[in-house]
Amino acid sequence: MTTKIKDVLYPIAFAVGLILIWEAVVRIFDIPLYLLPAPSDIARVVDGELLRNMGATLYEAVLGFLLANVLGFLTAILFVHSRPAEKGIFPLAIALKTTPVVALAPLLVIWLGTGYWSKVAASMIICFFPILVNSVKGLKAVEHEAWELFSAYKGTKAEIFWKLRLPTSLPYVLSALKISSSLAIVGAIVGEFVGSNKGLGYLVLLSSYHLDTPVMFSAIAAAAVAGLILFGIIASVEKRVIFWQKVDEV
Amino acid sequence: MAAISSLAGSVRERAAGAAFDAGGSAGASSGAHLQTSAISIQNCSLTFGSVRVLNGVSLDVRSGEFMSILGPSGCGKSTLLRLILGLLRPDQGGGITLHVPREEIGIVFQKPVLMPWQTAIQNIELPLNIGPQRAKQSKAERRERAEWTLELVGLADFRNHYPQQLSGGMQQRIAIARALAANPSILLMDEPFGALDEFTREKLNIELLRLWANPDTKLNTVVMVTHSIQESVLMSDRIVMMSPRPANVSDIVQVPLAHPREAEMQELPAFLSTVREIRKQVKAL
Ligand SMILES: Nc1ncnc2c1ncn2[C@@H]1O[C@H](COP(=O)(O)OP(=O)(O)OP(=O)(O)O)[C@@H](O)[C@H]1O
Ligand SMILES: [Mg+2]
């Protein structure tokens, strides 16, 4: 077997094994449904409603993810070209990072309402920092000699940016994207907890009021799957774009 | 070997021609003596903060010569090359005069400095694709030029390889090809073979001499920083010895060996005595 097949097969085999054990344990010990539903009970409540809620959460998360990353990368470009901007804004960004999104979420709902935007904003706030820090680091990671090479041949500022700084920063950028792909879902769900009528966060909250544990489990599982999907997409983009090196930072 | 001898012969002529073109001083056109300067460094000092690195260095690089710079680590050899390239400015009172257009100076750094996201051919093409060079040639011409220098350094088979897929010696050859792609008449090299094993190093030494002698390239003057006395004697016409920091030119040694140079010349008495002489001077520094 090739390593590639093993990489896929082993985790699947392991997960299937876990699910089987879980199912067996619940049946043998007759654990009540509201405490721990069996995988089969959870599977039974998977329906269009769940997928619709998952879609809503994904929509908010992806939108927040994209906006935050574009904004974060542009801010990083500003930082590496202007020291005053970096000195002035970076501390604010750190302050924003150390403020828990959970604490901000109610405020976001007051400002932006119970619709999509408060969740998008929560997701943005949580995604913003990794991309900012990593992009600044990446854009500055240019080797001194490489910079001298471009200068020696009279490369313009734009050429230095597009042909040197940008590609140098890509491994850092993609490592930030991987991290924030799962954080984006967290942001959206936190936003939904505070005030919404759809999304996986809403579903988790609602099912907890009704003690409908199977639905709650299905929503939790859907959130995990949503995170995995985003992560998988970014990881495969990374493999294609950054074939020359990997960095795992932040 | 006969072919190489004739190439070397034409280099001599070409160098003389260049001297004539440059409208050099009287007597420069006599041909046998390559007296026209390509780069003049006058009384250049350089201070980094409180550290004085160069101390009134004056040096003339002659058009057509192969010059080596030898000196203790940290004395300012790389700094001197940066001054010539205009990447650094000398302190008040110093001056650098280039007798060729600035674009005709190529550079090979101590490290290959290749872009890992670009293939060998793309890396070689880089200097042609940036700055004022870009407008000078069409896309096809630039590519053709890069292909040609790739072949010149003998790596045509590795055209589409990425730097990580090449050995250290191959990477350094790509770096040399990149410098040659911009068609320099003067090549500055900062310990280009420093990181290589003895075997590869000697092979590339001879290869570089062949490129220098190749009449198809405009290249006629090389300034090479090196740590190796043997390498400097094998390759150069003149060897500039630098003193420890604050550095100055302590001596210039003329190498009494004929061109074209071969690896076997390292056994000649003239080679050995020059090496001995330099070693003695290095000890005295
Ligand atoms: N950008 C810089 N800022 C401060 N000091 C510098 C800078 N660049 C070089 N120096 C100092 O200048 C001195 C000469 O450096 P340089 O790199 O020219 O030496 P070198 O002769 O090339 O040495 P080596 O043979 O080890 O490469 C060193 O002592 C170094 O500390
Ligand atoms: Mg050096």
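Predicted model: local features only at pLDDT ≥ 70, side-chain atom pairs only at ≥ 80, totals over all residues.
1. Start with how the two chains meet. On the chain B side 24 residues are in contact, against 19 residues of chain A. Together the chains bury about 2000 Å², and 68% of that sits on carbon and sulfur atoms. The size of an interface is often quoted this way, as accessible area lost when the parts come together.

2. The rule picks out three salt bridges between chain B and chain A. One to look at joins the side chains of E143(A) and K111(B), with 3.1 Å from N to O.

3. Which elements give two or more residues to the chain B side? They are α2 (77-85), β5 (105-108), α3 (120-129) and α6 (168-181) of chain B. Of these, α3(B) gives the most, with three residues. By class, the chain B side has 15 nonpolar, four polar and five charged residues.

4. On annotation, an unreviewed UniProt entry places "domain: ABC transporter" at residues 39-269 of chain B. In the model, that span is 32% helix and 25% strand, and its end C-alpha atoms lie 32 Å apart.

5. Now for ligand 1. It has 13 residues around it, and the closest are S73(B), K77(B), S78(B), T79(B) and R245(B). Two side chains make polar approaches to ligand oxygen atoms: a polar atom of S78(B) lies 2.6 Å from one, and for T79(B) the distance is 2.5 Å. The backbone takes part as well, with a polar backbone atom of G74(B) 2.8 Å from an oxygen of the ligand.

6. P246(B) itself is in the loop between β8 (238-242) and β9 (249-254) of chain B.

7. Another cis bond links H259(B) to P260(B), with omega about -5°. Here P260(B) is in the loop between β9 and α9 (269-284) of chain B.

8. Last, check V113(B). Its phi is near 50°, a positive value in a residue that isn't glycine. V113(B) is in the loop between β5 and α3 of chain B. As background, most residues other than glycine have a negative phi, and most peptide bonds are trans.

Methods. Residues numbered from 1 in each chain as written. Chains lettered and ligands numbered in written order. Heavy atoms only, no water. Contact = heavy atoms within 4.5 Å. Buried area = accessible area lost by both parts, 1.4 Å probe. Salt bridge = Lys/Arg side-chain N within 4 Å of Asp/Glu carboxyl O. Helix = DSSP H or I, 4+ residues; strand = E, 2+ residues; numbered from the N terminus. Nonpolar A, V, L, I, M, F, W, Y, C, P; charged D, E, K, R; others polar. UniProt positions renumbered as here; feature names shortened; annotations may be inferred. Near = heavy atom within 4 Å. Polar contact = N/O pair within 3.5 Å; in protein donor to acceptor, adjacent residues only side chain to side chain.
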